[in-house]
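Thanks for coming. I will show one chain and then talk through a few places in it.

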Amino acid sequence: MPTFDFADGGASTSGTTFELDIPDTSTGSAVNFTLSTTANPGAFASNGVGSGGNITMFDFFDGAVFTLDLNSTQASTDFGATGGSIALVVGATVTGSWSVTFVHETNTALNQTFAVTGASQLINFATPENYESIRFTASTAGINFFKIDSLSASVTCYLGGTGIATPKGRVAVEDLQPGDQILTAEGGTTTVRWLGIQPIDTASVTPAKAFPVRFAAGSIAPGVPSRDLYVSPDHAMEIDGILYNATALVNGRSITQAAQMPQDGFTYYHIDTGTHELVLAEDAASETYLDAVGRDAFVNGHEQADAPIIAEMAVPRIVARRMVPQDVVDQLSARAYALGLTRVAQVA
């Protein structure tokens, strides 16, 4: 899980709005945040060595509101994920009365608000869906002072939360049921026949062969995928009529393989529609189940032990990075540049 240590030690700055490049300690890659407050003349924030290295918020009146966002110019713009979690650690200094609200991306009824009870408090909860920002509200007259120590959160939809397009809208892959209709990349519909469930034991697998590949939002084309998409290494994505195994497209910037995964394991889900075809995962064309591995690799494989073999669709497949056409390499590199994404740590 990405973790951000807000004791960044950078040069001191202050004001009502500023950007912060905070490294994700799990990957070393910097993520850009925006901290802002408006219509509060007695409120300001600072960061850097002048504030003990922490992000610090000050309010000299009653009711200042500060908002921490992931900068909208980058691919990842949400905190948390379906089936994920958020943990925020309050800094060593707090005065006055504060509350912390995690703002849901679409439904304010799902906002989560917590009262701050003291310094070094841990605020954490399981995330049913994505949250777009964190709001800090001072509620007492006089001087209010608040430091953020660290934040740990899934920044995007994560494996089990992958969104599949259906006629009724986006559905998390793990919530699909046999008989459900889903959309194909060609604009039609197809029917889920079976959902394979494949738990992965992090401690016993070879990372390069098992850890997921992340396609950042917009890494293939503008809006494709629409949110960060995680697939297994050999899972194929379709670009211009060709299937590419995910690892063949890794560029260390917009398409990366996870360097770390939860120690208690993670789970892949595979959609079987009875034929090998393209569906929309986070609005990107992605293959359905293919009998490249036996169904006994799934914990529920016995449910389809006698299912007929699914033949691969009649389109080219590229399985190695050296086989990717240069124009596709250039296209993906241009997308990474447009998104402002820098190189991140990769699996060994």
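First, the ground rules. This is a predicted model, in which local features need pLDDT of at least 70 and side-chain atom pairs count only at pLDDT 80 or more, while totals for chains, interfaces and linings use all residues. Residues are numbered from 1 along each chain as its sequence is written, and side-chain values use heavy atoms, with hydrogens and water left out.

Now the overall view. The chain has 2 helices and 27 strands. Helices (H or I, at least four residues) and strands (E, at least two) are DSSP runs, numbered from the N terminus. Of the 348 residues, 51% count as buried. Buried means under 20% relative accessible area, exposed means over 50%, and partly exposed is in between, with a 1.4 Å probe and protein chains only. Contact means heavy atoms within 4.5 Å. Among contacts between residues at least 6 apart in sequence, 69% join residues at least 24 apart.

Next, one sheet. Strands of a sheet pair through backbone hydrogen bonds, either parallel or antiparallel. Here 3 strands form an open sheet in the order β20-β19-β23, and the pairing is antiparallel. Two strands count as paired if DSSP finds at least two bridges between them. The edge strands are β20, residues 229-231, and β23, residues 255-257, each pairing on one side only. On average, neighbouring strands of this sheet are turned by 25 degrees against each other, direction ignored. For that angle, axes are lines fitted to C-alpha atoms, for helices over the stretch in contact, and angles run from 0 to 180 degrees between N-to-C directions. Strand β19, residues 213-215, pairs with β23 over 3 bridges. In one of these pairs, Val213 has Gln257 in β23 as its bridge partner.

On to the cores. In soluble globular proteins, nonpolar side chains tend to be buried together. A nonpolar core is a set of buried Ala, Val, Leu, Ile, Met, Phe, Trp, Tyr and Cys residues joined through side-chain atoms within 4.5 Å. Which residues have the most contacts inside the largest nonpolar core? They are Phe215, Leu249 and Ile271, in a core of 27 residues. The elements that give two or more residues to this core are β19, β20, β21 (236-239), β25 (278-281) and α2 (326-339). Leaving aside neighbours within four places in sequence, Leu249 is in contact with Phe215, Ile239, Tyr244, Ile255, Val324, Val328 and Leu332. There is also a second, separate core of 23 residues, including Phe66, Leu88, Tyr131 and Leu151.

Now charges. Side chains of opposite charge can pair when their charged atoms come close. A salt bridge here is a side-chain nitrogen of Lys or Arg within 4 Å of a carboxyl oxygen of Asp or Glu. By this rule the count comes to 6 salt bridges. In one of them, Glu282 and Arg170 meet at 3.3 Å, N to O. This pair links distant parts of the chain, 112 residues apart: Glu282 is in the loop between β25 and β26 (284-287), and Arg170 is in strand β15, residues 169-172. Glu282 is buried at 3% relative accessibility, whereas Arg170 is partly exposed at 41%.

Arg214 forms a salt bridge with Asp228, the closest N and O atoms being 2.9 Å apart. Arg214 lies in strand β19 and Asp228 in the loop between β19 and β20, so the pair ties together parts that are 14 residues apart in sequence. Both Arg214 and Asp228 are buried.

Thr202 sits in the loop between β18 (194-200) and α1 (207-210). Is Thr202 buried or exposed? Thr202 is buried, with a relative accessible area of 7%. Beyond four places away in sequence, Thr202 touches residues including Phe211, Met261 and Phe266.

Thr101 is in strand β9, residues 98-104, and is buried at 4%. Its side chain has a polar contact of 2.9 Å with that of Thr113. A polar contact is a pair of N or O atoms within 3.5 Å; within protein, one must be able to donate a hydrogen and the other to accept it, and residues adjacent in sequence count only if both atoms are side-chain atoms.

Finally, Tyr269 is in strand β24, residues 266-272, and is partly exposed at 26% relative accessibility. Tyr269 and Gly161 are 108 residues apart in sequence and 9.9 Å apart in space, C-alpha to C-alpha.
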